[in-house]
Amino acid sequence: MTIPPIESFPLLDGTSIPWLAWGNGTGGARRNAVECGHLALAGGVRHIDTAQLYENERETGEAIRLAGLKREDVYVTSKISCTENDTPLPLSAVPASIQASLDRLGSIPDLYLIHNPFVARPGELKALWHVLEDFKEQGKLKSIGVSNFRPQDLEEILEGARYTPVVNQIEYHPYTLAHLQPLLDLHARHGIVTASYGTLTPLLRHPSGGGPLAPILQRIASRLSDALGKQVEKSTVLMLWARARGVVVVTASGNAERVKKLGEIASLPPGLLTEKEVEEITRVGRGVHFRYYTEHMEKDFPVPDLPRE
């Protein structure tokens, strides 16, 4: 199947990553990973994000086969996660855990992440990163990175690292910007690409249904709808805002119609938002602090004194 070109972002190791991924980590996407993954791929998505924690790495490979695609046609991200009940992994168990991921996927993922810094036992985070580096040097992993890493976590593994993480996947949207600034500055200094989950949180989970961003996103969505001659939703504007800032977007949906539309969104041409629109969303977002997934990023990483709305 011929699909329109999808923009990719270059990574430190010379590879590149498609800007939009369908993730199978929550809700119906997690429960129906084969069916929904097939729909996403059939619609034109070429990046799937999974993890050990989601318990559907095997289903990710099945979705690719069901779609009739070659493995090399789909960018796959996976992650090493904690054991049951969020128990950290003993360092001695890490190599077998990574190998189990590869076996379930049926191939080497294009990107492999540490799901969060608490996968490692206290004091063993650097050693855990070294295991990923060893697998990469042995050709058993390709690109390697992290997820839910705070500034102190990144600094811990960067010291003496053979390979800099190419990606840090975090909850990222306009209402997290003020809190994340020290981390984003660290990303910029080291060439680490930011990947976003929960990108649509301002619209889906904010108590007011969007907060001060809602009318701005609607205005831009209306302009784009007129310009493109088809309906553009506020959620699409948020994703395009992240792309304009060089951020990879991971969105998890189990709704068949929304999943089918992701490929169309993925292939939208760059530059649809004006610089003024990107700046307006950013500026207004910085005036609010609201995060849905607080269990990692707000632990020992002080939040700004800002309103939630």
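**The lining of the largest pocket**

Guide: Helix H11 gives the most to the lining of the largest pocket, with 6 residues. This is a predicted model, in which local features need pLDDT of at least 70 and side-chain atom pairs count only at pLDDT 80 or more, while totals for chains, interfaces and linings use all residues. Residues are numbered from 1 along each chain as its sequence is written, and side-chain values use heavy atoms, with hydrogens and water left out.

H11 spans 256–266, and helix H8 (201–204), helix H10 (234–244) and strand E10 (248–251) likewise each supply at least two residues of this lining; helices (H or I, at least four residues) and strands (E, at least two) are DSSP runs numbered from the N terminus.

The largest pocket holds about 1,300 Å³ of space, and of the 46 residues that line it, Thr-26, Gly-198, Val-250, Thr-251 and Ala-252 are the closest to its centre. A pocket here is an open set of points on a 1 Å grid over the protein atoms alone, where a 1.4 Å probe fits, with protein on both sides within 12 Å along at least five of seven lines, and lining residues have an atom within 4 Å of a point. Grid points are joined across faces, edges and corners, and the volume is the space filled by probe spheres set on the points.

By class, the lining has 16 nonpolar, 18 polar and 12 charged residues, where Ala, Val, Leu, Ile, Met, Phe, Trp, Tyr, Cys and Pro count as nonpolar, Asp, Glu, Lys and Arg as charged, and the others, Gly among them, as polar.
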